[in-house]
Amino acid sequence: MAETIRLRVKRQDGPNGTPRWEEFAIPYRKNLNVIAMLQDIQKNPVLANGQKTTPVVFECNCLEEVCGACSMVVNGKPRQACSALVDQLSQPITLEPLSKFTLIRDLQVDRTRMFESLKKVKAWIDIDGTYDLGAGPRMAPRDQEWAYPLSRCMTCGCCAESCPNYNQKSAFIGPAAISQVRLFNAHPTGEMQSHDRLDSVMGPGGITDCGNAQNCVRVCPKEIPLTTSIADIGRQTVFRWIDRALRS
């Protein structure tokens with residue numbers, strides 16, 4: 001292993017700034033991850049050629065692949081920087097921001113669009129009340145088993161980054177939101193709002209905008225069966241369309 005790690009970072013001072021590449025040389029340490037290298041640059045923002053620069057702007061929080069904040073493109077693949085170990089990456093290591101979201105600066109992007117999509121599909125369980133509602137209905141263990149992986153979604157944006165149908169010119173809500181519709185429609189209490197959720201994904205930007213490229217399931221850091229969810233919601237929307245047609 002080389003004594004130093006070569007790191008190339010795509011930088012941009014703002015959404016309207018001119019992108020540029022900067023190269024750094026980071027002293028090698030065992031079990032180093034991408035976030036640790038960026039933190040080293042924060043402490044000593046010097047390029048590989050010795051020239052002074054500014055600290056690289058990035059976002060992180062939990063550092064254990066739970067929050068989804070440190071999503072970026074590492075060596076051409078969208079992933080979590082905290083779990084990207086240097087010993088498993090080819091050099092020079094290239095870091096780029098997610099391209100499907102509005103850039104804030106350097107490696108930090110605004111993922112508000114994903115959170116707005118969760119609001120659109122009502123990705124929550126309504127349990128509000130003015131008194132103690134008591135214990136909720138039980139969920140069969142066999143349903144818990146397949147639903148639990150869906151609940152691990154951290155809205156990191158990796159699935160959106162890899163999706164050819166998700167971009168700033170498209171209204172597509174993306175794989176993550178569709179999978180959450182499946183999760184909350186399966187919940188015994190959430191099922192009461194299932195029609196509202198299905199109606200929300202049957203409109204513009206909904207499930208019909210999915211081109212079934214299946215890139216999303218390949219890059220998901222939590223290995224969520226996104227394509228299975230998309231297929232199941234496709235089936236549910238067909239039955240919902242038939243129901244609405246019969247009632248009209």
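User: What is the relative accessible area of Lys122?
Analyst: Lys122 counts as partly exposed, where buried means under 20% relative accessible area, exposed over 50% and partly exposed in between (1.4 Å probe, protein chains only). The model is predicted, so that local features need pLDDT of at least 70 and side-chain atom pairs count only at pLDDT 80 or more, while totals for chains, interfaces and linings use all residues. Residues are numbered from 1 along each chain as its sequence is written, and side-chain values use heavy atoms, with hydrogens and water left out. For Lys122 the relative accessible area is 30%.

User: What is the phi of Lys122?
Analyst: Lys122 is found in the loop between α2 (112–120) and α3, helices and strands being DSSP runs numbered from the N terminus (H or I of at least four residues for helices, E of at least two for strands). Although Lys122 is not a glycine, its phi is positive, at about 55°.

User: Which loop holds Asn212?
Analyst: Asn212 is not a glycine, and yet it has a positive phi of about 60°. Its place in the chain is the loop between α6 and α7 (215–219).

User: Which residue does a cis peptide bond join to Gln91?
Analyst: The omega of this bond is about 0°.

User: How many helices and strands does the protein chain have, and what box do its C-alpha atoms fill?
Analyst: The protein chain is made up of eight helices and seven strands, among other parts. Taken along the principal axes, the box filled by its C-alpha atoms is roughly 70 × 40 × 35 Å.

User: What share of the accessible surface of the protein chain belongs to carbon and sulfur atoms?
Analyst: Of the 248 residues of the protein chain, 42% count as buried. Accessible areas come from the Shrake-Rupley method with a 1.4 Å probe, and for residues only the protein chains shown count as cover. The accessible surface comes to about 13,300 Å², and the share of carbon and sulfur atoms in it is 50%.

User: Which strands do the buried residues of α1 pack against?
Analyst: Helix α1 is largely enclosed by the rest of the structure, because seven of its 10 residues are buried. These are Val34, Ile35, Ala36, Met37, Leu38, Asp40 and Ile41. With contact meaning heavy atoms within 4.5 Å, the buried residues of α1 pack against β1 (4–11), β2, β3 (71–74) and β5.

User: Which residues does Leu32 touch, leaving aside those up to four places away in sequence?
Analyst: Leu32 lies in the loop between β2 and α1 (34–43), and at 3% relative accessibility it counts as buried. From C-alpha to C-alpha, Leu32 and Glu3 are 13 Å apart in space and 29 residues apart in sequence. Leu32 touches Ile5, Ile26, Pro27, Met37, Ala84, Leu85 and Val86.

User: How far apart in space are Trp21 and Arg235, C-alpha to C-alpha?
Analyst: Trp21 has its place in strand β2 (residues 20–27) and is partly exposed, with a relative accessible area of 38%. Not counting residues up to four places away in sequence, Trp21 touches Arg8, Val9, Lys10, Thr94, Leu95 and Glu96. Trp21 and Arg235 are 214 residues apart in sequence, and their C-alpha distance in space is 46 Å.

User: At what angle do the axes of α3 and α5 cross?
Analyst: Axes are lines fitted to C-alpha atoms, for helices over the stretch in contact, and angles run from 0 to 180 degrees between N-to-C directions. The axes of α3 (residues 141–151) and α5 (residues 175–186) come within 9 Å of each other, and their crossing angle is roughly 140°.

User: How do the residues of the contact of α3 with α5 divide?
Analyst: In this contact Trp146, Ala147, Leu150 and Ser151 of α3 meet Ser179, Gln180, Arg182, Leu183 and Ala186 of α5. Ala, Val, Leu, Ile, Met, Phe, Trp, Tyr, Cys and Pro count as nonpolar, Asp, Glu, Lys and Arg as charged, and the others, Gly among them, as polar. The residues of the contact divide into five nonpolar, three polar and one charged.

User: How are α6 and α8 placed relative to each other?
Analyst: Helix α6 (residues 194–201) and helix α8 (residues 226–247) pack at an angle of about 100°, with their axes 10 Å apart. Angles under 35 degrees count as roughly parallel, over 145 as roughly antiparallel, 65 to 115 as roughly perpendicular and the rest as oblique. The two helices α6 and α8 are therefore roughly perpendicular.
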